[in-house]
Each structure stands twice: as structure tokens, then as C-alpha cells.
Amino acid sequence: MNQLPQPVIHKNDKKATWLIITFSIVIFAAVSFLAKFKIDVDLGFDIHIFALANAVINSIIAVLLLIALIAVKSSNYILHKRLMLAALILSVVFLVSYIAHHLLAGEAIYGDADHNGILSDAEKAAVSDSRPYYLIILLTHIFLAGIILPFILFTAYRALTAEYPKHKKLARITWPLWFYVAVSGPVVYWMIQPYYT
């Protein structure tokens, strides 16, 4: 049986809280602010490759989270730690790709078959059965993606300071939320990608 890893960083709750909250607010504000802009530039390739990359990255994160859960349940703490760090690193890559896609592509409208940016009555009728499901998945995905970052960082902090009871308590909240975000992202992509211009 593997032993729990030793602390990697020194415990300093006040500093950690300040850094995590500040970083989370800055990232949330930057993503919210940049979502209002669109840059018209020809990169010479389909800019929706970023959306596909986002879906792939989220899928890989979901798999890493599942394997990490199995690893920790099997007391393979070193593998669990490595998988979770990989998921964190991929989340940073995802964030860069997500911002790039939104800056370059703007927003797509579910059901906008003629890609004119307006959902006509006929287009609404064509997707009337699936649109509520899309909106529920999209809105829950956006909401949870918006609030998950501090949970992830606090959970990681408790692991890196070897405060495993607190880490486990937080992980019971963080893991399912993060997993839902990772799984719902590719579902949103699969549903919206026919309406990219």
C-alpha cells in the first residue's frame, strides 16, 4: 500500500486563501470580459479547431479524473497525485484554447442553421425539441465552470500541504463538479458545432 505523499508546500492558509481568491476572480473577470469581444483575423485555418481542441481536452480531463478516483480508492496516492496534476495542467491549456476560440469565433447560436446570427421562427421550430436540453446543459456547464476554479485550487492546496482529511472533504464536492464540467463541455461542443459559421 502506498503511503500518503509528504507536504510539497508549507501551510499558510491566509496567503493561500488570498492568492486563490484573487487568481479565481482575475481569471473569471478576464474570461467574462474577453467573451464580449471578437477579433476578425484570418489565421489561415479553421478557427473552430480550438473548439474541437477544447472538447478533446475536456474529454481527457474527464478520463484523468476517473482514473485518479480509481487510483485514490486503491490507495495509489502517487498515481492519483500525478493524474490530478496532469488534469490541472490540461485545464490551463484548455483555458488558453477557450479564450482563443471565443476571441476569434465569437458566439454561435444553437439552431442557427443559416449562420446569420439570428434565430428565425423556422429555425426555432426545427430545434424546439432539443433546444431546452442544450440550454440546460450549457447553462449548468457555464455556471459550474465559473465557480469551480477556487474549489479546485483549495482542494489542490490541501493535498499539497498534506492536510488529507480536509483535502478529502473538499474533494467530495470538487470532484463531481469538475467531472460534470469536463463531461458537459464535449456534449455542448457536439450539440453546437453544426451551427458554427
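Which residues have the most contacts inside the largest nonpolar core? They are Ile61, Leu65, Met84, Ala87 and Trp178, in a core of 15 residues. A nonpolar core here is a set of buried Ala, Val, Leu, Ile, Met, Phe, Trp, Tyr and Cys residues joined through side-chain atoms within 4.5 Å. Buried means under 20% relative accessible area, exposed means over 50%, and partly exposed lies in between, with a 1.4 Å probe and protein chains only. H2, H3, H5 and H6 each give two or more residues to this core. H2 gives the most, with 6 residues. In soluble globular proteins, nonpolar side chains tend to be buried together.

This is a predicted model: local features need pLDDT of at least 70, side-chain atom pairs count only at pLDDT 80 or more, and totals for chains, interfaces and linings use all residues. Residues are numbered from 1 along each chain as its sequence is written, and side-chain values use heavy atoms, with hydrogens and water left out.

Leaving aside neighbours within four places in sequence, Ile61 is in contact with Ala87, Leu90, Ser91, Trp178 and Ala182. Contact means heavy atoms within 4.5 Å. There is also a second, separate core of 12 residues, which includes Ala51, Tyr110, Tyr189 and Ile192.

Now the whole chain. Helices (H or I, at least four residues) and strands (E, at least two) are DSSP runs, numbered from the N terminus. The C-alpha trace spans about 60 × 30 × 30 Å along its principal axes. Of the 197 residues, 34% count as buried. Among contacts between residues at least 6 apart in sequence, 78% join residues at least 24 apart. The accessible surface comes to about 12000 Å², and 71% of that belongs to carbon and sulfur atoms. Accessible areas come from the Shrake-Rupley method with a 1.4 Å probe; for residues, only the protein chains shown count as cover.Next comes the second largest pocket, which holds about 770 Å³ of space. Of its 27 lining residues, the closest to the centre are Val72, His80, His167, Lys168 and Ala171. On a 1 Å grid over the protein atoms alone, a cavity is a set of points where a 1.4 Å probe fits but cannot get out, and a pocket is an open set with protein on both sides within 12 Å along at least five of seven lines; lining residues have an atom within 4 Å of a point. Grid points are joined across faces, edges and corners, and a volume is the space filled by probe spheres set on the points. Helices H2 (49-73), H3 (77-105), H5 (131-160) and H6 (164-192) each supply at least two lining residues. H6 gives the most, with 9 residues. The lining divides into 18 nonpolar, 5 polar and 4 charged residues. Asp, Glu, Lys and Arg count as charged; Ala, Val, Leu, Ile, Met, Phe, Trp, Tyr, Cys and Pro count as nonpolar; the others, Gly among them, are polar.

Two loops deserve a look. Most residues other than glycine have a negative phi. Ser75, not a glycine, has a positive phi of about 60°. Ser75 sits in the loop between H2 and H3 and is buried, with a relative accessible area of 15%. Ala162 also has a positive phi of about 60° without being a glycine. Ala162 sits in the loop between H5 and H6. At 23% relative accessibility, Ala162 counts as partly exposed.

Finally, return to helix H2, where Val56 lies. Val56 is partly exposed because its relative accessible area is 42%. Its C-alpha atom is separated by 35 Å from that of His10, 46 residues apart along the chain.
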